[in-house]
Amino acid sequence: MTATRVLVLNSGSSSVKYQLLDMRDSSRLAVGLVERIGEETSRLKHTPLTGEAGSREREEPIADHEAALKAVAEELAADGLGLDSPELAAIGHRVVHGGLKFTTPTVIDDVVLAEIQRLVPVAPLHNPANITGIRTAQALRPDLPQVAVFDTAFHTTMPESAARYAMDVKTADEHRVRRYGFHGTSHAYVSRETAKLLGKAPEDVNVIVLHLGNGASASAVRGGKCVDTSMGLTPLEGLVMGTRSGDMDPAVIFHLARVGGMSIDEIDILLNKKSGLIGLCGDNDMREIRRRIDAGDEEAALAFDIYIHRLKKYIGAYYAVLGRVDAIAFTAGVGENAAPVREAAVAGLEELGLAVDGELNSVRSDEARLISPEYARVAVAVVPTDEELEIATQTYALVGDRNA
Ligand SMILES: Nc1ncnc2c1ncn2[C@@H]1O[C@H](COP(=O)(O)OP(=O)(O)O)[C@@H](O)[C@H]1O
Ligand SMILES: CC(=O)OP(=O)(O)O
Ligand SMILES: [Mg+2]
């Protein structure tokens, strides 16, 4: 039997998203999500897509990523899609930080795993979860190729002028301090899908991709290659996010330490987990923020305005970096669903050829679509991301033929 299935694991700081795909036609056999790992009650939502059965949910304490993955394996087995299947060709893992070493998907061995471990200090919320996911999957199927697909890989084409910070070169090099960028799998997929939507080859289009999830980043993509992105050494820089501050004067940190008496670890937690939208108004979910704004809540309205102001600055900056922009693509949870964010982000930018058609913008759909009016010089699009499909495609391209 030819093994044609790939299991994809996207382990986040407190969640695991997973998909089992059949790569003969890239169809999904099962999808699911484990949330609130390590909290009092965790939730596992599993959806088999092979038969008539609908989604199943489990609410129980799931202590860590190892327990989460074991629960996922049980759910898959209950549908006859267990990890012991001979049809499984590989397991693909999202790995957030790959430094400069990993520019392509990579079969994981001890050396690769050690390098991912070495990068934990620059992706403290993400790489540890990725490592646990890999180790647990290896224990469940030691015979299978495990492939790492790195968030940083797509950004390794950035020129030094965009990737380097303006600081002492020796210190920067010694500690590998530079812009790496993240969400690269999404930026790559969405920029390609945007070209497709325009009926053009990726080489022929310049796109600004706005990946607005809980973590959020922007990228400038010229002819299919990333030339700048908003996240930096770590996923803290750039846009206002659900719980992360994004850009600020680095001296804020010295001030909080010297004058505020805070420790470095306290400041780290403050800026990564208690800032952004949640720090500004107590909520990090854009749905809740919009509901509060509609009810007249001024704190939520200011948080929204700060979020949009930053987003607009990046649109302007990347417009200038690219010189010519063919499309702006909104993606991820907020970008795909929050019409008011899309409308506000391009409001007033008609001189740049940017506009959003109110009616098109209000349509809800899972399809990639244009939301700019016919006359606009620059296409504005909503392009759903699919990091799991992209990871599965890259994984199977690397190891699929080993099994043929
Ligand atoms: N219908 C919706 N309207 C507005 N915002 C939404 C909607 N659905 C999801 N979101 C936003 O998307 C975010 C999650 O995005 P997602 O891309 O899944 O993030 P992550 O992968 O970082 O967990 C939520 O926190 C919420 O702010
Ligand atoms: C890198 C990053 O910020 O990822 P996420 O949005 O999944 O937190
Ligand atoms: Mg995400």
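Visitor: How many Å separate the centres of domain 1 and domain 2?
Guide: The centres of domain 1 and domain 2, taken over C-alpha atoms, are 27 Å apart. Bear in mind that this is a predicted model.

Visitor: Thanks! Where do domain 1 and domain 2 fall in the protein chain?
Guide: Domain 1 covers 5–150, and domain 2 covers 199–387.

Visitor: And how many residues of domain 1 are in contact with domain 2?
Guide: There are 5 residues of domain 1 in contact with 5 residues of domain 2. On the domain 1 side, the residues touching domain 2 are 3 nonpolar, 1 polar and 1 charged.

Visitor: OK, and ligand 1? How many residues surround it, and which are the closest?
Guide: Ligand 1 has 13 residues around it, and the closest are G213, N214, M286, G333 and N337.

Visitor: Nice. Which helices each supply at least two residues of the shell around ligand 1?
Guide: Those are α10, running 286–294, and α12, running 332–337. The largest share comes from α12, with 4 residues.

Visitor: How does the shell around ligand 1 divide into nonpolar, polar and charged?
Guide: The shell around ligand 1 has 7 polar residues, 4 nonpolar and 2 charged.

Visitor: Changing topic: at what angle do the axes of α2 and α3 cross, and within how many Å do they come?
Guide: Helix α2 (residues 110–118) and helix α3 (residues 127–140) have axes that cross at roughly 155° and come within 9 Å. An angle over 145 degrees counts as roughly antiparallel, so that is how α2 and α3 run relative to each other.

Visitor: Is that crossing of α2 and α3 left-handed or right-handed?
Guide: The crossing of α2 and α3 is left-handed.

Visitor: Last one: which residues in α2 meet which in α3?
Guide: From α2 you have L113, I116 and Q117, and they meet N127, N130, I131 and I134 in α3. The residues of that contact are 4 nonpolar and 3 polar, with no charged ones.

Technical notes: Residues numbered from 1 in each chain as written. Chains lettered and ligands numbered in written order. Predicted model: local features only at pLDDT ≥ 70, side-chain atom pairs only at ≥ 80, totals over all residues. Near = placed C-beta within 6 Å. Nonpolar A, V, L, I, M, F, W, Y, C, P; charged D, E, K, R; others polar. Domains from an automatic or database assignment. Contact = placed C-beta atoms within 7 Å. Axes fitted to C-alpha atoms, helices over the stretch in contact; angles between N-to-C directions. Parallel < 35°, antiparallel > 145°, perpendicular 65-115°, else oblique. Left-handed = near helix turned anticlockwise from the far one by under 90°.
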